[in-house]
Amino acid sequence: MNAAGVRMVVTRARSPGTGASLRPGGEKAAPLRSGEAAAGRKSYSPVKRRRKARRLSVAYEASEGEEGAGAECLQTPSWQPQDWRQQLDNIRTMRSGKDAPVDQLGAEHCFDPSASPKQVQRYQVLLSLMLSSQTKDQVTAGAMQRLRARGLTVDSILQTDDSTLGTLIYPVGFWRSKVKYIKQTTAILQQRYGGDIPASVAELVALPGVGPKMAHLAMAVAWGTVSGIAVDTHVHRIANRLRWTKEATRSPEETRRALEEWLPRELWREINGLLVGFGQQTCLPVRPRCQACLNRALCPAARGL
């Protein structure tokens with residue numbers, strides 16, 4: 001490369017309008033005098049420099065020379081309720097007998113374990129969860145026994161008329177609406193899933209009559225997958241009484257999101273059955289048995305706070 005070419009590369013970033021420019025052949029031109037541009041000589045506007053891209057600092061990235069700084073940022077503890085581990089241990093102690101209705105009649109006990117193929121068992125799990133909404137476990141279990149006695153499958157439900165189905169599931173809560181939801185959901189399962197149930201929460205809650213609590217329990221019981229915390233009225237009530245949410249929550253779904261923000265994931269599977277049974281036996285909706293509760297000195301509700 002010749003000298004003129006090198007000079008062009010070096011001076012490219014300089015403003016041609018204020019210094020010497022190069023004519024064809026490499027001859028240097030004299031700088032413009034003041035006013036010459038206005039007199040008809042061509043002027044050049046300065047070349048805009050590209051602004052250097054700024055690198056955004058991300059919290060979990062370590063700065064240069066600070067090895068491991070990002071890991072410390074990620075380990076910052078989140079909010080946790082006061083005394084929650086002791087409260088949980090006390091509830092485990094009170095529930096050690098496993099003698100609450102949910103322990104004998106919950107969703108994991110309502111399907112036929114000998115049914116074949118597996119999709120029949122999963123369908124029965126989902127149906128028991130649909131029936132359990134606003135219904136005591138004893139009533140749900142009775143309805144499931146009557147349905148199973150007739151051969152509880154996708155095909156058998158679709159072949160059962162609405163009146164007969166209503167008689168079989170009565171007196172579960174909102175049984176008329178559940179007849180409609182069961183028929184609609186069963187038809188969808190046959191058409192879209194080959195008689196099986198979906199394997200994701202998003203698809204499960206899209207089915208008529210299936211809510212988030214049912215979906216998370218179905219994932220755990222039918223598919224063996226922990227997708228989230230199943231929160232019903234018992235879990236919702238107890239979490240608020242123990243102040244296991246940063247602020248008071250108004251619905252089970254709001255409570256689920258609040259619990260999942262801090263409760264260790266390895267406890268998600270256990271917490272539903274544990275708190276449901278505790279709510280059925282001790283932490284009752286009305287007149288809770290605080291005097292018999294090991295958490296009476298640690299529970300804000302029991303202390304009247």
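User: Which residues of H11 are buried in this predicted model?

Analyst: In this predicted model, the buried ones in H11 are Met214, Ala215, His216, Leu217, Ala218, Met219, Ala220 and Ala222.

User: Why are H12 and H14 called roughly perpendicular?

Analyst: Their axes cross at roughly 85°, and angles of 65 to 115 degrees count as roughly perpendicular, so that's the label H12 and H14 get. The two axes come within 8 Å. On the H12 side the contact is made by His234, Val235, Arg237 and Ile238, and on the H14 side by Asn272, Leu275, Val276, Phe278, Gly279 and Gln280. Sorted by class, that contact has 5 nonpolar, 4 polar and 1 charged residues.

User: How do you know whether Leu263 is buried or exposed?

Analyst: Check its relative accessible area: Leu263 has 4%, and the cut-off for buried is under 20%, so Leu263 is buried. Leu263 lies in the loop between H13 and H14.

User: What is Leu263 in contact with, leaving aside neighbours within four places in sequence?

Analyst: Trp84, Ile229, Trp268 and Ile271. Then there's Gln80: 183 residues from Leu263 in sequence, yet 7.8 Å away in space, C-alpha to C-alpha.

Conventions:
Residues are numbered from 1 along each chain as its sequence is written. This is a predicted model: local features need pLDDT of at least 70, side-chain atom pairs count only at pLDDT 80 or more; totals for chains, interfaces and linings use all residues. Side-chain values use heavy atoms; hydrogens and water are left out. Axes are lines fitted to C-alpha atoms, for helices over the stretch in contact, and angles run from 0 to 180 degrees between N-to-C directions. Helices (H or I, at least four residues) and strands (E, at least two) are DSSP runs, numbered from the N terminus. Angles under 35 degrees count as roughly parallel, over 145 as roughly antiparallel, 65 to 115 as roughly perpendicular and the rest as oblique. Contact means heavy atoms within 4.5 Å. Ala, Val, Leu, Ile, Met, Phe, Trp, Tyr, Cys and Pro count as nonpolar, Asp, Glu, Lys and Arg as charged, and the others, Gly among them, as polar. Buried means under 20% relative accessible area, exposed over 50%, partly exposed in between (1.4 Å probe, protein chains only).
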